Amino acid sequence: MVGNIVGDRFVAVSFGESHGKCIGIVVDGCPAGLPLTESDIQLQLDLRKPGQSIITTQRKEEDKVEIISGVFNGFTTGAPICMVIWNKDLDSRSYELIRTIPRPGHSDYPAMIKYGGFADYRGRGRYSGRLTATLVMAGAIAQKLLDYCLGIQTTAYTIEIGGIRAKNLTLEEIKKNRYTNEVRCPDMQSAEYMRSAIMEARKDGDSLGGVVECISTGLPIGLGEPIFGSIESDLSKALFSIPAVKAIEFGSGFDGSKRRGSENNDLYIKVGDKIVTKTNNSGGILGGLSNSMPIVIRIAFKPAASIAKTQKTIDVSNGSETKLNVPGRHDPCVVPRAPPIVESVVSMVLVDHAIRAGFIPLVLKR
Ligand SMILES: Cc1cc2nc3c(=O)[nH]c(=O)nc-3n(C[C@H](O)[C@H](O)[C@H](O)COP(=O)(O)O)c2cc1C
């Protein structure tokens, strides 16, 4: 049952449950000599935390990170970095009410069967969106390491919610505007429509899904270890560990599958003394290797399963049919909280590959 570990050289082990004492992550393999403080990590965590607006869950958690080990005198030491967040705003009553009544669309039923009823169901234990805070803690270190050593930057934002699509914007506009509104969409007009759609769904006791786009720039050629460790394989595997992720596309993705080769091929051109491509339909990856163009990924999130609307289900304690409107505090749409999580996961994979390929040394120069 070793499903809680990710990475080959930048390795992270996530632990804790939504309503347990704490959640946390141990990062092993971070080079020595990276300047690191709790506020580097807190900055990213604050972008993910719940209760920040009317369109997210009203669970209020401070999500204050504590670095337990691996940092000394403001620098990473090369030892495992253990980080924890103590859980505070716990209210497990609603989960007692539905302990034997699985929510349609959630992990309740398969988890109940697989772990023989022993799994911690409070707040949905390991399946809670709350566990993504552990990914953000490790991802914050990965993001800092990539920028510090190689100038690689990763930017994720909401591109679609409830079928409402943002217009195309430049990376500068995306970076400038994505956190200026609750839905984290840099196209202000679409952001307003998305917000109204979420409010409408919430009023109906329902939820909405959407898509996050993620762009990484500054990559060297050659990150990726084909064939099973191709950069696409490892990014996909890691991204699918974010709850509610149901589809991923790179570059022109599904749209590209409808084109001819002559339309989809990215032509090589010279810019100064650098060879680049005129378009980026490959999304920065060819043959499972980064090709120095921006890595572009779109990640589809399903509508959150926990909805107030009445749905049919089964009480597994006696096999009888029953009806459920899910009690408790839930996200009517998980997408607005997803960009920092996506950035974190992508950065963890990129830094792992940068270390594997020898682009980042094990001890950083002062
Ligand atoms: C940040 C975040 C918050 C989430 N909040 C909720 C929530 O409030 N209610 C809910 O039903 N699902 C929520 N989810 C999704 C569930 O955790 C997820 O759908 C469930 O574990 C089943 O897994 P699957 O959808 O990947 O199959 C959230 C996901 C994320 C990433």
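1. Lys144 and Asp40 form a salt bridge through their side chains, with N and O 3.1 Å apart. A salt bridge here is a side-chain nitrogen of Lys or Arg within 4 Å of a carboxyl oxygen of Asp or Glu. The pair links distant parts of the chain, since Lys144 is in helix H4 (residues 132-150) and Asp40 is in helix H1 (residues 38-48), 104 residues apart. Helices (H or I, at least four residues) and strands (E, at least two) are DSSP runs, numbered from the N terminus. Lys144 is partly exposed at 25% relative accessibility, and Asp40 is partly exposed at 24%. Buried means under 20% relative accessible area, exposed means over 50%, and partly exposed lies in between (1.4 Å probe, protein chains only).

2. The model is predicted: local features need pLDDT of at least 70, side-chain atom pairs count only at pLDDT 80 or more, and totals for chains, interfaces and linings use all residues. Residues are numbered from 1 along each chain as its sequence is written, and side-chain values use heavy atoms, with hydrogens and water left out.

3. The whole structure has 19 salt bridges. One of them joins Glu182 to Arg195, with the closest N and O atoms 2.3 Å apart. Glu182 sits in the loop between helix H5 (171-177) and helix H6 (188-203), while Arg195 is in helix H6, 13 residues apart.

4. Asp352 and Arg356 also form a salt bridge, their closest N and O atoms being 3.5 Å apart. The two are about one helical turn apart because they are four residues apart in helix H10 (residues 339-356). Asp352 is buried at 5% relative accessibility, whereas Arg356 is partly exposed at 24%. Through shared partners, salt bridges join Asp8, Asp234, Asp352 and Arg356 into one network.

5. Strands S1 (residues 5-6) and S2 (residues 11-16) run antiparallel and are joined by two bridges; strands pair if DSSP finds at least two bridges between them. Ile5 has Val13 in S2 as its bridge partner. S1 and S2 form a hairpin with four residues between them, and Gly7 in the turn has a positive phi of about 100°. S2 is also antiparallel to strand S3 (residues 22-28), with six bridges between them.

6. The ligand is surrounded by 17 residues, and the closest are Tyr127, Ala244, Lys302, Ser306 and Asp331. To count as near, a residue must have a heavy atom within 4 Å of the molecule.
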